[in-house]
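Student: I am new to this structure and would like a close look at a single part of it. Please take me through that part slowly, and then set it in its surroundings.

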Amino acid sequence: MEGPSVEELLAKAEQDEAEKLQRITVYKELELEFDLGNLLASDRNPPTALRQAGPAPEAELRALARDNTQLLINQLWQLPTERVEETLVARLPEPTTHLPREKPVPKPRPLTRWQQFARLKGIHPKKKTNLVWDEVSGQWRRRWGYKRARDDTKEWLIEVPDGADPLEDQFTKRIQAKKERVAKNELNRLRNLARAHKTQLPSAAGLHPTGHQSKEELGRAMQVAKVSTASVGRFQERLPKEKAPRGSGKKRKFQPLFGDFAAEKKNQLELLRIMNNKKPKLDVTRATNKQMREEDQEEAAKKRKMSQKGRRKGGWQGSGGKRKGGPPSQGGKRKGGLGGKMQSRPPGLGSKRKGGQHQGGKRRK
Amino acid sequence: MRPLTEEETRVMFEKIAKYIGENLQLLVDRPDGTYCFRLHNDRVYYVSEKMLKLSANISGDKLVSLGTCFGKFTKTHKFRLHITALDYLAPYAKYKVWIKPGAEQSFLYGNHVLKSGLGRITENTSQYQGVVVYSMADIPLGFGVAAKSTQDCRKVDPMAIVVFHQADVGEYIRHEETLT
């Protein structure tokens, strides 16, 4: 028994083809206009289906959108394709719709001083080459700018000209001249800008003439304005969250490296003298220690004398010092500053004077 | 490189005077030449006038050191004495501490001096006095701060610290990279 016959299969295949064709072909009265560079398709057909739809035209809108998108995609598939990193990509042509300007047309600027002069005299800019042959370095170098051909500040040998002072530094002279030319150029540029923006230069607040000021410039201008009152800014309130200005103190000045050595020495000795005077001449600890040591020695001497006398007189034990055993020596905590000795010495009470072995000079442990 | 300001000079002198007292004026006012203190990269250098004039020929960023470095000012403007100042502190020291040979190595490794390592100590050393540490052969090893006064040193137990370590000659090897 045969399965589906060949004719049936062929008929089915044809039917499938027709369906597919039906899906991708769209009938439109007027052809759409395509701007594939912008992926734009403009449909000029009158929207009769939409008008007949009634209050809720969702289905019709969707159908219209689907049809137009289908047409656009059909056009895209006809573009030349290329392969970029394993994906098939269509190369879009240049966009043909002219988009409107984002910003307004710039106003013509007033001519700079040089441009006015050139126009007056009929001077036209001569066409110059970009590179110039530099003999010294043996290569083509720029006419101006970084590593230019004839940079007179970079010469290693300058002859002193006839009329010049032999002790003058020609190198710094050239560098200064260059700095002056640069500063003059900058000034003229800012003046031209000021004329173009109809502000004045130098502006009262130190602001840039174009109106594009940086945050630091504005901050500085504000500080200056704040201080320019009759009471030099003392009674100007700050805004609620405004912070105090930083870096508005005076710059520190230091003495030169080889100042007057004698004066420096004198100042230092003076400083030392003042430092020594401030220290107390009578050191309380030392004084009390010394006092106690002296009394120790006195007691020891007295004890020796008495023991001698006692031996002579026959056995009188009068060891005055040892009798005052009394309260044991207070070791640890005392009020500061006296390093272990008592504040006020009640007479006759010894703390560490038993067995006096206090000598001056270097002590053994 | 610049001279010290009044404030900085005062802070530095106060620190040095803790170790050598009024002998400091012998450093300032020397009979054999004019010596001065200069500040370079936060470090204080003690340098003769002749050497200073020569060092002015070297640009500041290339100059590493000149004369003797006494110490440096920290970021909070406190002065810290370095071991390189020992040559000038040792001869003028007022309070000295001698340590036993056994404790020398411990001190040279950066440890504090315990009472068991203490050989001798000058009389009348008060607590927290700056002291110069010597070996028993009178070689200066470094300097420190007395943790206890002389009297207290006698009473305290052998494991107690008597001298806080500040600097020792072993730092020439340990802190080779940071000393200038």
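With which side chain does the side chain of A:Thr129 make a polar contact?

Tutor: The partner is A:Arg143: the two side chains make a polar contact of 2.8 Å. Bear in mind that the model is a predicted one. A:Thr129 is found in a loop of chain A, between helix H4 (113–121) and strand S5 (131–134). Along the chain, A:Thr129 and A:Arg143 are 14 residues apart, and their C-alpha atoms are separated by 8.0 Å. The side chain of A:Thr129 also has a polar atom that lies 3.2 Å from the backbone oxygen of A:Leu131. A:Leu131 belongs to the range given for strand S5 (131–134). That is the part you asked about; its surroundings include a second chain.

Chain A and chain B touch each other, with 27 residues of chain A in contact with 37 residues of chain B. About 3,100 Å² is buried between the two chains, and carbon and sulfur atoms give 61% of that area. Between chain B and chain A the count of salt bridges is 2. In a salt bridge between the chains, the side chain of A:Glu264 meets that of B:Arg38, with 2.9 Å from N to O. Several elements of chain B give two or more residues to the side that touches chain A, among them strand S1 (2–3), helix H1 (6–20), strand S2 (35–40) and helix H6 (150–155). The most comes from H1(B), which gives 6 residues. Sorted by class, this side of chain B has 14 nonpolar, 8 polar and 15 charged residues.

Chain B itself has 7 helices and 11 strands. It has 180 residues, of which 51% count as buried. Among its contacts between residues at least 6 apart in sequence, 60% join residues at least 24 apart.

Two other aspartates of chain B can be described by their backbone. Most residues other than glycine have a negative phi. B:Asp42 is not a glycine, yet has a positive phi of about 70 degrees. B:Asp42 has its place in the loop between S2 and strand S3 (43–48) of chain B. B:Asp42 counts as partly exposed because its relative accessibility is 40%. B:Asp138 likewise has a positive phi, of about 60 degrees. The loop that holds B:Asp138 runs between strand S9 (130–135) and strand S10 (140–146). With 48% relative accessibility, B:Asp138 therefore counts as partly exposed.

Last come the scores of the prediction. Chain B has an average pLDDT of 94, and 100% of its residues score at least 70. For the model, ipTM is 0.89 and pTM is 0.52.

Notes: Residues are numbered from 1 along each chain as its sequence is written. Chains are lettered from A and ligands numbered from 1 in the order in which they are written. This is a predicted model: local features need pLDDT of at least 70, side-chain atom pairs count only at pLDDT 80 or more; totals for chains, interfaces and linings use all residues. Side-chain values use heavy atoms; hydrogens and water are left out. Contact means heavy atoms within 4.5 Å. Buried area is the accessible area (1.4 Å probe) that two parts lose on being put together, summed over both. A salt bridge is a side-chain nitrogen of Lys or Arg within 4 Å of a carboxyl oxygen of Asp or Glu. Helices (H or I, at least four residues) and strands (E, at least two) are DSSP runs, numbered from the N terminus. Ala, Val, Leu, Ile, Met, Phe, Trp, Tyr, Cys and Pro count as nonpolar, Asp, Glu, Lys and Arg as charged, and the others, Gly among them, as polar. Buried means under 20% relative accessible area, exposed over 50%, partly exposed in between (1.4 Å probe, protein chains only). pLDDT is the predictor's confidence in each residue, from 0 to 100. A polar contact is a pair of N or O atoms within 3.5 Å; within protein, one must be able to donate a hydrogen and the other to accept it, and residues adjacent in sequence count only if both atoms are side-chain atoms.
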